[in-house]
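Here is a briefing on one protein chain. Please keep the sequence and the coordinates open while reading.

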Amino acid sequence: VQLQACGGGLVQAGGSLRLSCAASARTFSVYAMGWFRQAPGKEREFVAAISWTGGSTYYADSVKGRFTISRDYAKNTVYLQMNSLKPEDTAVYYCAAGRGNPRLKAEYTSWGQGTQVTVSS
């Protein structure tokens, strides 16, 4: 699965951004999709995921209630709507596709190139 993420940028605390990740059409519908992030000097961490059916979503506690993951099968795209952004959300955000446990980084077999999100205080 080839993935292309975009939508990052610079935003003030309290603001919103929407990340998009376009996937190759052939296998998008059978993969769970996830978003991870990596801040400088830190490990890449789980942010959110959505099952291949779209019927289940998963969030890290740090973003629950602020971020929403969704997927559009017609556009082969997964989105991450990020509201009430905080400076600690600053990181490079990666989308990924996989078939295992949606919360585990090791279960994802395809990764996008990453998009920078910077939240200023």
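Q2 sits in the segment before β1. The model is predicted. Q2 is exposed, since its relative accessible area is 64%, and the cut-off for exposed is over 50%.

**Q2 and its surroundings**
- Beyond the residues up to four places away in sequence, Q2 touches A22, A23 and S24.
- Q2 and G41 lie 27 Å apart, C-alpha to C-alpha. Along the sequence, 39 residues separate Q2 and G41.

**Fold and overall dimensions**
- The protein chain contains 11 strands and 0 helices.
- In sequence order the pattern reads β-β-β-β-β-β-β-β-β-β-β.
- How does the radius of gyration compare with the globule rule? The radius of gyration is 13 Å, close to the 14 Å that the rule gives for 121 residues, so the chain is as compact as a globular protein of that length.
- Along the principal axes, the C-alpha atoms fill a box of roughly 40 × 25 × 25 Å.
- Contacts between residues at least 6 apart in sequence were sorted by separation. Of these, 55% join residues at least 24 apart.

**Surface and charge**
- Of the 121 residues, 45% count as buried.
- The accessible surface of the chain is about 6100 Å². Carbon and sulfur atoms account for 48% of that surface.
- There are 13 positive and 7 negative side chains. The centres of the two sets are 6 Å apart.

**The largest nonpolar core**
- This core holds 35 residues.
- Which members touch the most other members? They are M33, W35, L80, M82 and Y93.
- Eight named strands each give two or more residues to the core: β1 (3–6), β3 (17–23), β4 (32–38), β5 (45–50), β7 (67–72), β8 (77–82), β9 (91–98) and β11 (115–120).

**A32 in strand β4**
- A32 is found in strand β4.
- A32 counts as buried because its relative accessibility is 10%, and the cut-off for buried is under 20%.
- Leaving out neighbours within four places in sequence, A32 is in contact with I50, S51, W52, R71, A96, A97, G98 and Y108.
- A32 and G54 are 22 residues apart in sequence. Their C-alpha atoms are 8.2 Å apart.

- Most residues other than glycine have a negative phi. Two positions here run against that pattern.
- N76 is not a glycine, yet its phi is positive at about 50°. N76 lies in the loop between β7 and β8.
- Is N76 buried or exposed? N76 counts as buried, because its relative accessibility is 17%.
- S84 also has a positive phi, near 50°. Its place is in the loop between β8 and β9.
- S84 counts as partly exposed, with 39% relative accessibility.

**Other loop positions**
- A74 is found in the loop between β7 and β8. A74 counts as exposed, because its relative accessibility is 75%.
- A74 and S29 are 45 residues apart along the chain. Their C-alpha atoms are separated by 9.7 Å.
- L104 lies in the loop between β9 and β10 (108–111). L104 is partly exposed, with a relative accessible area of 42%.
- How far apart are the C-alpha atoms of L104 and F36? The separation is 9.9 Å, for residues 68 apart along the chain.

Definitions and conventions
Residues are numbered from 1 along each chain as its sequence is written. This is a predicted model: local features need pLDDT of at least 70, side-chain atom pairs count only at pLDDT 80 or more; totals for chains, interfaces and linings use all residues. Side-chain values use heavy atoms; hydrogens and water are left out. Helices (H or I, at least four residues) and strands (E, at least two) are DSSP runs, numbered from the N terminus. The radius of gyration is taken over C-alpha atoms; the globule rule is 2.2 Å times the number of residues to the power 0.38. Buried means under 20% relative accessible area, exposed over 50%, partly exposed in between (1.4 Å probe, protein chains only). Contact means heavy atoms within 4.5 Å. Accessible areas come from the Shrake-Rupley method with a 1.4 Å probe; for residues, only the protein chains shown count as cover. Lys and Arg count as positive and Asp and Glu as negative; His and the chain ends are not counted. The place of a charge is taken as NZ of Lys, CZ of Arg, CG of Asp or CD of Glu. A nonpolar core is a set of buried Ala, Val, Leu, Ile, Met, Phe, Trp, Tyr and Cys residues joined through side-chain atoms within 4.5 Å.
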